[in-house]
Amino acid sequence: MNVGFDGILTLLTFFPLVGVVIILLLKPFDREDDELIKKIAVGTSVATFIISLFVLGSYNPGTANLQLVDRAVWIDVLNIHYFLAVDGLSILMVLLTTFISMLAIAGSWTAIGEQVKQYYVFMLLLEAGMLGVFLAQDLFLFYIFWEFTLVPMYFLIGIWGGKERVYASIKFFLYTMAGSLLMLLAILYMGLTNDTFSVPDLIAGRAAFADVQTWLFLGFAIAFAIKVPLFPFHSWLPDAHTQAPTAGSIILAGVLLKMGTYGFMRFNLPLFPEASDLFAPLIATLAIIGIIYGAIVSFAQRDVKRLVAYSSVSHLGFVMLGIFSLTEAGLQGAILQGVNHGLSTGALFYLVGVLYEQRHTREMSEYGGVWKVMPIFSALTLIITLSSMGLPGLNGFVGEFTILLGSMGAYEALGPNPWIYTAFATTGVILAAVYLLWMYQRVFMGPLDNPANQTLEDVNTGQLAIILSFLLFIVWIGIYPAPFFELMNDTVDFWIDYVHTAVAMVP
Amino acid sequence: MTEYAFAPLLLLFPLIGVLFNALFGRRFVQPALYEGEDQEEPVAHDHATEVHVDVYEVKTEAGEGVDVDHEEVDVHVHDADAHGALDQQHGEIHNDPTGERWSGWFASLMSLSAFGVAVALFFSLMGHDFHGAVVPLFDWFRIPAADFHVPWAMQIDTLSVTMMLVVTGVGSLIHIYSIGYMHGDPNFSRFFTYLNLFLFFMLILISANNYLMLFVGWEGVGLCSFLLIGFWFDRVDDDGVPMNANAARKAFVANRVGDFAMILAMILLFWTFHTLNFNPIFDEAIHLFEEGQAVSLFGMQFSIATVLAAVTTLFLIGAAGKSAQIPLYVWLPDAMAGPTPVSALIHAATMVTSGIYLIVRSNVLFEIVRVAAEAGDVFPAPTLVAYTGAITALFAGLIAFTRFDIKKVLAYSTVSQLGFMVAAAGMGIYVAAMFHLITHAFFKALLFLGAGSVIHGVEHGHHSLHDHLQHDDLEPEEHGFDPQDMRVMGGLRHQMPVTFWVYLIGALALSGIFPLAGFWSKDEILAHAYNPDYGFFPVYIILTLAAIGTAFYMGRQVKMVFFGEPRHPAAEEAHESPSIMTIPLIILAVLAVVAGAINIPYIPFLQEVPDHPHGFNLLLEQWLEHSIPSFHLSAEGLLNMPYKPPVFSIFVGALSLLLALGAFFLAYSVIYGKRPTEQHEEDPIREVPVFGPIISAFGVLPLDTLYMRYLIPGFNRFADWAAYRLDWAFWHDFVHDNLIRDFFVGFSRFASDVLDDRGVDGALVEGSARFTRAVAGVLRLTQTGYVRNYALGLFLGVVVLLAYFLLVAG
Amino acid sequence: MAEVTIEWYIALSTVLFTIGALGVLMRRNAIIIFMSIELMLNAANLAFVAFARHLGDELLGGQIFVFFVMTVAAAEVAVGLALIVAIFRSKQSINIDEVNVLKG
């Protein structure tokens, strides 16, 4: 077990780099043909998505083991391995990454006019980095991918961003980097005490660091909490989201934030189960504060992109609550809600981008009555807004309800009155309607009184195709989520049992 | 099972209608939009935009002269004038009439097909001894690890089929009526898309076999309500406030408050029963209750009644949101901003009754709590339901007294009648609640559609005035014209005879006049409350007062709208609506007359009361008892509630009939008969001693004012504070930018300018350089450049070394 | 008759070396200094040979060393004279007191 070299995950992770190489080699033959670069980038991302579908095809949902293992010794002295594998915790994240990256890359076709070559190179590098994060099973390798994703994102925000892009990009970089350093310390401690960095081996040798796991847990938790972002570590998010180019926001919301929640599931729960149990009430409380706080703060925003950014704080609060309910339903809901948030919020950012391309403003007071001139766009936006709001029958509800369900069953992790957590979290459902409908009304309803809006054009075919791709999954997960749950069911079951068994053994 | 295999068609037909109108409707209705190349699209949109801008200008002008009536807090948003104005002012209809017919009739056909399916299901049930079945469609949630399974499945039983018949039947009539009513609206096809979508979600709601699927419909109809209230989303009132969009949002948010409770209730149910399907929950609940077993929840043991008391209380909150009960009724009057057919379909006949449906569906849970509460074990949630309904019925009725907007009166009346149903459900007479639900659907839909017909007529009368007279002649009066204000009407019985007669039937049915439908359904509720065996006498008093109020405000309305002399030229010019609108009205009027027959109680002295079956009496009860499990429980005495079939109470019936007639007459001739109320005039009832001030006090909408004046602005300010002070100024700017960044920058500046520049660089680096230079300055003196000196040094060195080796080392 | 012992050779070598050393230190003419250096080298050579004989070195190490010294001296002369010629060309003088460009 956990040996061998299947190869498909390596191919998947590094395939975007093929596109990077081709784009970089272009110049000698072809002087800055933007159109060609875009085609190569889109082609690469589509091919990566197709490879990820093959991964899905080879994936066996009936086991909690790591699968499709690619493992080889990398740095012998420290017993560091090149170790990629997939299981129920990561398979959906991998698919989400390839899917969102594909749409983000395709969606920036018209939005990026300058330094096209660098832009697509960074996008593809980012995709490779994110895939590595979700697939790496060796902590050292994981850390490298984890930090690597910062670099392209830093440049994407810093070069193609809005007015305050430099401030935002530096803040994004420093904030996340600072958190990661504590994680690096924790990684080194565990790796050196156990003489291995591979996650399965560390879990097996957990006893060696069990007595300091509280500190190790915190080291990991702070890095991940900043990425999520868990209240109160969210301050970088509105800046980064508002200033990032559309595709950057899509990827940031769609995938990068999920790296934080994924980290909690992949490392904190299995490596430090007792500490997870200990911290569960605290993190669940922060998550709920985030749900309510994010929603209230969203409501008062005037900038539509910032509103969506704060709504992420609220939505990710649900995901965190699901994880730290330490129940099967909660964790499954959390994983699926991660996907849902990626789809809904990614799509919302895309839609904002479509408007921004025409009007070059994100102030909601500049809009109003847009439905009259963009009926198709408005109807599609409504559906996506409703999905973000958690309307049953669309994807958001499936995730939120499963999480809330899990949280009320979480008497083991959250104490004898888990319903208090559930009740407070559920107010987020009301507040989501409040701020999202208010946003929708200010942009799309009311009189069309701003002359600048009267010449807005409805979506074109390309934009429609991208929005419909998002919608396909939004509706699919909404009415038939069973196959999605099936992909992770056994893995989640195994790890939740594992955590509860470990906690039960504590005297 | 297979006999109901066609049931999914019920959902499929409306869905096809939605897709048809959503994808192609616009092309049918406005072919001009799509005639040319795609590039022409924005031009066409511009045209539509310009038309609407015109409408606002008319409105804004109209607003200037109005002295705003302070008592009338809610601002009128007139619905019928926009398209009418379009027709008249531009002298052309932008919609293709054939396309309109396609769009509207296709939607209506889908609705009628669904009705056909419902009828087929009705006969299938009859053919199978009323034995219902669950028709599974496909899995929805399936999480084996959490033992969480929820299917998409349809519950076909007598209760759901009853609702299906009402919803699709009344729905179809309203679809057809809307073809006439919405004629000429630029968004004709969008309207029918929404109507079909509503039908789809409503059918999901009532055909669900589990709470979660019911919740899908529950939220879905809320969404459609949002869309339809906001159908004319670009309208603004005199102050530039987008009233329709606000009303839509208010409705959705108020519903969401109820949904909050629904979600919690469902999760509690799941952790108690590990399923959300109706039948297993009910069976298990009865089993647990009878055995007195505890349930394990949150790692502790609870009695089943305790859990169910919490669940049913939460259901009450959910129902209060959807069915507009205190304290969440405030959205329904505002919802009148939607087109009138919508008010009839969603906000009177169907959607708002889903709270009652929920309670009736969950009757087992409520009955268990009732029994346990009688023993004093748990919170008496069903009693709270009964009183909530009764008090809502009375209060909403009182608010309706002073409204002048024809639709607002009906809206408050709806809230009031929903209160009757909720009270009935709370008292445990689920059949009576359903009975009143059905009859109310008929006569309230009739009243709303009739009101729509009146508004339509007055509106067209108003526009024909424009054509006949010089604009200037009308100028002074023109400013305040509101086609929904009953004070501009009067005498319409001559101009609109069909509408008058059907409206009168509806009003009498609503007032509970024998032998119309409302009499029977309302009386069944009152009779039960009156019966001292059940301990709901206060409810009887409250509901009787509410019933008097109902008759009073309906008498007032009929008088003001149809009798007397026309009080405005527009009313003189009003014409009867087209037959596509009046035929549905006539059908509904017939139903409002005869629907009482479906559940006629036993008449004392004339009939013996047998145990079972009941023959032609209590048809609805015999039909519904197959899907109301607590009914069986009661009959067998399992829940300690001896079952007695409803018997007509002559005292109650006669009293309420007398009171209703008296109130109707009082309004008709005594208070509103003296002198017609002119526009902008106070209501004469306010001058009645003692009673007038009470009514006036209710005129200010206590809860609505509380929410809109205090709660909402408070929330807004809090959100602003949280977003701009707490999160931005404090957390983002102060903590991160000032404390962390500026501290870091300050420190790094100190490090760079002081520590590094003067310390490391100044003292160490440059200091060593200075020291070297100083030493070198001295040392350079030894370098004379003369070879001789160097040679001497060499020799001296040799001498020293020699001396060292010889004297020291040696 | 007193035998010519090693002391005589050492004394002669010392005298020659002292003359050479004083010449290097006191004379200003570069050529003379050069000759004085040669004198010192030859004083050393004399000492080598004398000690070699006195110690009975059968491998003739002292004598061989003298050959090395003479070789080095020859090379030194070649380089040294070339330098002196170069200095003379630029300064028109071989007075070393005039050559002090390395002064600190």
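Trainee: What percentage of the 507 residues of chain A count as buried?

Mentor: 63% of them do. A residue is buried if 20 or more other C-beta atoms lie within 10 Å of its own, exposed if 12 or fewer, and partly exposed in between, with C-beta atoms placed from the backbone. Keep in mind that this is a predicted model, in which local features need pLDDT of at least 70, side-chain atom pairs count only at pLDDT 80 or more, and totals for chains, interfaces and linings use all residues. Residues are numbered from 1 along each chain as its sequence is written, while chains are lettered from A and ligands numbered from 1 in the order in which they are written.

Trainee: How many helices and strands are there in chain A?

Mentor: Chain A has 20 helices and 2 strands. These are DSSP runs numbered from the N terminus: H or I of at least four residues for helices, E of at least two for strands.

Trainee: Switching to chain C: what is its radius of gyration?

Mentor: Chain C has 17 Å, whereas a compact globule of 104 residues would be near 13 Å. Its C-alpha trace spans about 55 × 25 × 25 Å along the principal axes. In chain C, 12% of the residues count as buried, and the secondary structure comes to 3 helices and 0 strands.

Trainee: Now the contacts. How many residues of chain A are in contact with chain B?

Mentor: 59, against 53 residues of chain B. Contact requires C-beta atoms, placed from the backbone, within 7 Å.

Trainee: Which element gives the most on the chain A side?

Mentor: α18(A), with 12 residues. The residues on that side divide into 35 nonpolar, 18 polar and 6 charged. Here Ala, Val, Leu, Ile, Met, Phe, Trp, Tyr, Cys and Pro count as nonpolar, Asp, Glu, Lys and Arg as charged, and the others, Gly among them, as polar.

Trainee: Last topic: how many residues has the largest nonpolar core?

Mentor: 463. Such a core is a set of buried Ala, Val, Leu, Ile, Met, Phe, Trp, Tyr and Cys residues joined through C-beta atoms within 7 Å. Helix α18 of chain B, residues 430–468, gives the most to this core, with 20 residues. A second, separate core of 5 residues includes Ala21(C) and Phe34(C).

Definitions and conventions: Contact = placed C-beta atoms within 7 Å. Rg over C-alpha atoms; globule rule 2.2 N^0.38 Å.
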